[in-house]
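Dear colleague,

I am handing over the structure that we talked about, and below it you will find what came out of going through it. Please keep it open while you read.

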Amino acid sequence: MKEFILQTAMSAESNLTVEQVCVNFTVALILGMVIYISYKFSHSGAIYSARFNVSLLMLTMVTTLIMNVIGNNIALSLGMVGALSIVRFRTAVKDPRDTAYIFWCIAVGISCGVSYYIMAAIGTGMIFLMMLIMGAVKSNDRYLLIIHSDTDASTRIEETVLVQYEGKALLRVKSQRRESTEYIYEMSARIIARAKKKHADLSDALMRIEGVEDVKLVCQNEEMSR
């Protein structure tokens, strides 16, 4: 029984013709271009990588090729899995959405490789619309207010920030030495915009305090931190 199963697995061959293989790659190329367009429109700024976008198209085609090679050969599929399992990727993912795009390409490649065109097309269309809609969602920017001053100016700095931002600026770090003090406040863009409407520029107000050396307002987001 074992010999029969082994012989059947080794002798199983794909029934794909040359025309069928060409159709598989053509559909994979079309759907891969849809993924390419979706990635380009849903990413912007420094977070967009043209090379990674091209890699997504290539990944779709490569997955289709693997599925065409495997076909119905069970032994070949197990060998292919074993060969691919030794590959290790060390490329850092800039955006969590990139992982979803990678799985999207693999799913499309597998579907095209087994000639499930309708399923691949419907799934690609639905994911494409969702990515276009949700791609506009951006992470909230976080602003850090960094102040360096003499120790004697600490009280006036805290009072100025408290009044300017109405107590909504969060004090994250207060590093105090014998002759100097460092403050790091965290706030959102909404809080800053509201403060500008009611008060003068905070940087000018802080710089007028005797003992303040410098004032920095730093914006942190995923594009800069990754």
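**What was found**

In this model, 6 bridges join strand S2 (residues 170-176) to S3, and these two strands run antiparallel; strands pair if DSSP finds at least two bridges between them. Across that pairing, Leu 170 stands opposite Glu 186 in S3, and a hairpin of 3 residues leads from S2 to S3. Strand S3 (residues 180-188) also pairs with strand S1 (residues 142-150), again in the antiparallel sense and over 9 bridges, with Asp 150 opposite Ser 180 in S3.

Before going on, please note that this is a predicted model, in which local features need pLDDT of at least 70 and side-chain atom pairs count only at pLDDT 80 or more, whereas totals for chains, interfaces and linings use all residues. Residues are numbered from 1 along each chain as its sequence is written, and side-chain values use heavy atoms, with hydrogens and water left out.

For the chain as a whole, the secondary structure comes to 10 helices and 4 strands, where helices (H or I, at least four residues) and strands (E, at least two) are DSSP runs numbered from the N terminus. Read from the N terminus on, the elements follow the order α-α-α-α-α-α-β-α-β-β-α-α-β-α. Of the 226 residues of the chain, 31% count as buried, and here buried means under 20% relative accessible area, exposed means over 50%, and partly exposed lies in between (1.4 Å probe, protein chains only). Among the contacts in the chain with a separation of 6 or more, 77% come from residues 24 or more positions apart, a contact being heavy atoms within 4.5 Å.

Two helix pairs deserve a careful look. The axes of helix H2 (residues 18-42) and helix H3 come within 9 Å and cross at roughly 155°; such axes are lines fitted to C-alpha atoms, for helices over the stretch in contact, and the angles run from 0 to 180 degrees between N-to-C directions. H2 and H3 are therefore roughly antiparallel to each other, since angles over 145 degrees count as roughly antiparallel, under 35 as roughly parallel, 65 to 115 as roughly perpendicular and the rest as oblique. H2 passes H3 in a right-handed crossing, which is the case if the near helix is turned clockwise from the far one by less than a right angle, and left-handed is the anticlockwise case.

Which residues does Asn 53 touch, not counting residues up to four places away in sequence? They are Ile 35, Tyr 36, Tyr 39, Lys 40 and Tyr 48. Asn 53 is found in helix H3 (residues 50-70), and it counts as buried because its relative accessibility is 0%.

In the second pair, the axes of helix H5 (residues 96-113) and helix H6 (residues 117-134) come within 9 Å and cross at roughly 165°, so H5 and H6 are roughly antiparallel to each other. The crossing of H5 past H6 is left-handed. Among the residues of H5 that meet H6 are Trp 104 and Cys 112.

Cys 112 counts as buried because its relative accessibility is 0%, whereas Cys 22, at 46%, counts as partly exposed. The structure holds 0 disulfides, a disulfide being a pair of cysteine sulfur atoms within 2.5 Å.

Finally, Gln 164 in helix H7 (residues 154-164) counts as buried because its relative accessibility is 9%. Gln 164 and Leu 202 are 38 residues apart in sequence and 7.0 Å apart in space, C-alpha to C-alpha.
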